[in-house]
Amino acid sequence: MIDFDIPEEDRALLDSIDRMMAREFPPEALRRADLAHETPWHLLPRMGELGLLALAIPEAYGGLGKDWRSAALVNERLAWHAGIAATLFGTTVGFGAMSLLNYGTEAQKREILPRLMEGRARFALALTESTAGTDAGAITTSARRLDGGGWRINGRKTWISNADAADYLVVPCRTEPGSKGSKGVTMLLVPRATPGISMTGLDKVGHHCMPSYDIGFDDVEVGDAAVMGEVGQGFRHTMSTLHYSRAGQAANAVGQAQRAVDVALAHAKERRQFGQAIGSFQAVQHKLADMQVRVNLARLSLYQLAWLIATGRPCRLEAAQTKLAATETFQYVTRNGLQIMASAGYAMESDMQRMWRDAGLYTFGEGSSELQRNLIAREMGL
Ligand SMILES: Cc1cc2nc3c(=O)[nH]c(=O)nc-3n(C[C@H](O)[C@H](O)[C@H](O)COP(=O)(O)OP(=O)(O)OC[C@H]3O[C@@H](n4cnc5c(N)ncnc54)[C@H](O)[C@@H]3O)c2cc1C
């Protein structure tokens with residue numbers, strides 16, 4: 001039989017997240033931060049104190065050695081409170097911990113993982129370039145081997161989240177001159193403070209708590225110790241890192257989508273027109289029913305994916321399916337939530353408009369819906 005019981009230990013963890021978020025970043029603080037374009041970095045050390053960032057780290061490195069199921073539950077609950085909290089968790093675990101654990105050297109793991117678990121190491125993945133979006137294999141940022149050892153990086157990355165405040169940039173670079181596509185790329189772990197890195201902020205519709213940057217790399221030099229994984233295999237390594245972060249993004253989308261349903265439902269029960277609650281109109285009821293069904297189905301897909309990852313089974317199709325289902329659901333429920341709330345949802349103080357704006361990114365960031373459908377079709381033998 002399939003068991004959907006959440007273990008007692010995980011339930012306690014979720015309760016502790018509720019208390020921490022109510023204390024450290026209540027809904028009014030989230031609204032203020034979104035309007036002020038501020039990132040609640042203070043949440044990362046708080047997550048560290050609760051052990052959230054140590055969940056997926058093996059005990060040999062001082063972690064809790066739990067599996068991906070707990071991480072998915074935590075991500076979903078953080079997202080229900082605030083999408084940015086789940087994003088900070090997800091990028092630390094997905095871009096940071098998983099790339100270190102899978103491809104980091106022993107020295108990188110020993111040096112960085114302890115700080116990461118305390119919430120004192122911030123990460124950004126710098127993959128996208130102006131001519132390499134969905135087609136990530138088109139990257140041209142180069143890292144040339146130096147005679148005395150080490151690498152010199154030149155090029156530009158764009159739309160990189162949280163990059164300026166990051167401690168480390170995970171940067172896939174073309175290290176084999178003349179190579180194309182997935183060949184000849186190496187993943188480098190570049191300290192943000194390295195000379196030659198410049199940042200230009202980018203303006204955007206949503207995700208105001210998560211700043212985006214165009215990054216310039218002008219003769220940025222790093223040592224051989226910066227190499228993650230195998231030289232020349234960085235594209236494959238990056239895709240596998242994205243695999244985890246997409247699972248995290250799906251959990252984030254499910255958590256926020258549930259919040260959007262909850263917000264719309266509360267409004268439908270309270271708002272009265274024609275002498276009755278708008279939730280008594282069947283047109284509104286059906287919208288809410290469809291919204292909850294879509295969220296429940298996306299959540300089931302997420303829990304199945306978390307189980308597949310936790311048990312080391314192949315999950316290419318399920319990862320693509322979950323990313324697709326969760327992110328399109330998030331857009332669907334916020335679009336319908338806005339319709340149900342009308343002017344009340346369109347006001348800048350409303351949580352619905354913020355989630356509606358933020359939802360726009362999820363269906364193309366970290367692999368677009370079209371790319372996920374391509375992957376699913378390929379897994380189906382097409
Ligand atoms: C707010 C924000 C944060 C981001 N954060 C990061 C980050 O931290 N790190 C990072 O590296 N990048 C980041 N990105 C970049 C993001 O991952 C890219 O925007 C995404 O990969 C899509 O690339 P693109 O925007 O160039 O779209 P394009 O690649 O130009 O795609 C445009 C459209 O064409 C479709 N398309 C393209 N190829 C195909 C195909 N083969 N089949 C069918 N349809 C196709 C796409 O699905 C899409 O609908 C961020 C972007 C934003 C806006």
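User: Which strands and helices each supply at least two residues of the shell around the ligand?

Analyst: Helices (H or I, at least four residues) and strands (E, at least two) are DSSP runs, numbered from the N terminus. Going by those runs, the elements that each give the shell at least two residues are β1 (123-125), β3 (151-161) and α12 (369-379).

User: What sort of model is this, and where does the residue numbering start?

Analyst: It's a predicted model, where local features need pLDDT of at least 70, side-chain atom pairs count only at pLDDT 80 or more, and totals for chains, interfaces and linings use all residues. Along each chain, as its sequence is written, residues are numbered from 1.

User: Which of the 21 residues around the ligand come nearest?

Analyst: A residue counts as near a molecule or strand if its C-beta atom, placed from the backbone, lies within 6 Å of it. Of the 21 residues around the ligand, the ones that come nearest are Leu127, Gly133, Thr134, Ser368 and Glu370.

User: How do the residues of that shell divide by class?

Analyst: Here Ala, Val, Leu, Ile, Met, Phe, Trp, Tyr, Cys and Pro count as nonpolar, Asp, Glu, Lys and Arg as charged, and the others, Gly among them, as polar. Sorted that way, the shell around the ligand has 9 nonpolar, 9 polar and 3 charged residues.

User: Which domains each give the shell at least three residues?

Analyst: The chain is split into domain 1 (8-122), domain 2 (124-232) and domain 3 (236-379), with bounds from an automatic or database domain assignment. At least three shell residues come from each of domain 2 and domain 3.

User: How many residues of domain 2 are in contact with domain 3?

Analyst: The centres of these two domains, taken over C-alpha atoms, are 30 Å apart. Two residues are in contact if their C-beta atoms, placed from the backbone, lie within 7 Å. With 9 residues on the domain 3 side, the number in domain 2 is 10.

User: Are α1 and α4 roughly parallel or roughly antiparallel?

Analyst: The axes, which are lines fitted to C-alpha atoms (for helices over the stretch in contact, with angles from 0 to 180 degrees between N-to-C directions), come within 10 Å for α1 (residues 8-24) and α4 (residues 68-81), crossing at roughly 25°. Angles under 35 degrees count as roughly parallel, over 145 as roughly antiparallel, 65 to 115 as roughly perpendicular and the rest as oblique. So α1 and α4 are roughly parallel.

User: Is the crossing of α5 and α6 left-handed or right-handed?

Analyst: Helix α5 (residues 83-103) and helix α6 (residues 106-117) have axes that come within 10 Å and cross at roughly 155°. That makes the pair α5 and α6 roughly antiparallel. A crossing is left-handed if the near helix is turned anticlockwise from the far one by less than a right angle, and right-handed if clockwise. For α5 and α6 the crossing is left-handed.

User: Which residues of α6 does α5 meet?

Analyst: On the α5 side, the residues are Thr92, Gly96, Ala97 and Leu100. Across from them in α6 are Gln108, Lys109, Ile112, Leu113 and Leu116.
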